[in-house]
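Let's take a friendly walk through a protein model together. Keep the structure open beside the text and look for each residue as it comes up.

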Amino acid sequence: MVRILDKAAVQPRSRFNLANSVTIRRSPARTVLATVVIRIPVVNSRPNRVDLVATVGVRGVTGIAQILFRVFRDGVQIFNTLQGIESTGSEQNYAVTFQAEDRNVRPGAHIYTVTAENRMAGTRADIVGPISFSALAVRTRS
């Protein structure tokens with residue numbers, strides 16, 4: 001049995017929209033996609049885990065971009081995944097979904113942020129939506 005400690009979710013973009021696209025910045029710069037705050041209580045909160053799930057709508061514009069998605073807790077990277085995004089002449093629109101788990105988080109308020117960056121020069125990929133990011137903090141069995 002687990003006990004829910006906190007939950008948070010944001011949906012900065014609720015649908016696919018080409019007219020409102022944003023180009024993913026080239027590494028080492030990052031495009032911030034979403035942020036949530038999770039509060040871990042001081043009493044009876046360990047052991048615990050925070051389950052994080054993100055979905056990001058991406059469109060390939062030129063070449064085959066390599067998009068590095070990162071998740072940070074309080075500015076420190078805790079997870080990353082790399083996704084190839086093709087463009088013209090192939091699939092162009094992607095809904096990239098990934099999940100991460102953060103274990104034994106100390107008590108207090110923690111800021112979780114998901115970002116994207118393009119690791120491949122000469123390519124372009126855009127955020128076209130939707131974007132959603134959720135976090136669920138639970139106390140687990142020891």
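To begin, a word on terms: two strands pair if DSSP finds at least two bridges between them. Helices (H or I, at least four residues) and strands (E, at least two) are DSSP runs, numbered from the N terminus. This is a predicted model, in which local features need pLDDT of at least 70, side-chain atom pairs count only at pLDDT 80 or more, and totals for chains, interfaces and linings use all residues. Residues are numbered from 1 along each chain as its sequence is written, and side-chain values use heavy atoms, with hydrogens and water left out.

**Strand 9 and its partners**

Find strand 9, which covers residues 124–139. Strand 1 (residues 3–13) runs antiparallel to strand 9, and eight bridges join the two. Within this pairing, Asp 6 has Ala 137 as its bridge partner.

**The aromatic rings**

How many aromatic pairs does a search of the whole structure find? The search finds two. Rings of Phe, Tyr and Trp (its six-membered ring) pair if their centres lie within 6.5 Å; planes under 30 degrees apart count as stacked, over 60 as edge-to-face and the rest as tilted.

| Ring pair | Distance between centres | Angle between planes | Type |
|---|---|---|---|
| Phe 69 and Phe 98 | 5.4 Å | 40° | tilted |
| Phe 79 and Phe 98 | 5.8 Å | 15° | stacked |

Phe 69 sits in strand 5 (residues 65–73) and Phe 98 in strand 7 (residues 93–103), so their pair ties together parts that are 29 residues apart in sequence. Phe 79 belongs to strand 6 (residues 76–85) and Phe 98 to strand 7, so this pair connects parts 19 residues apart in sequence. Together, ring pairs link Phe 69, Phe 79 and Phe 98 into a cluster.

Phe 69 counts as buried because its relative accessibility is 0%. Phe 98 is buried too, at 9%, whereas Phe 79, at 22%, is partly exposed.

Notes: Buried means under 20% relative accessible area, exposed over 50%, partly exposed in between (1.4 Å probe, protein chains only).
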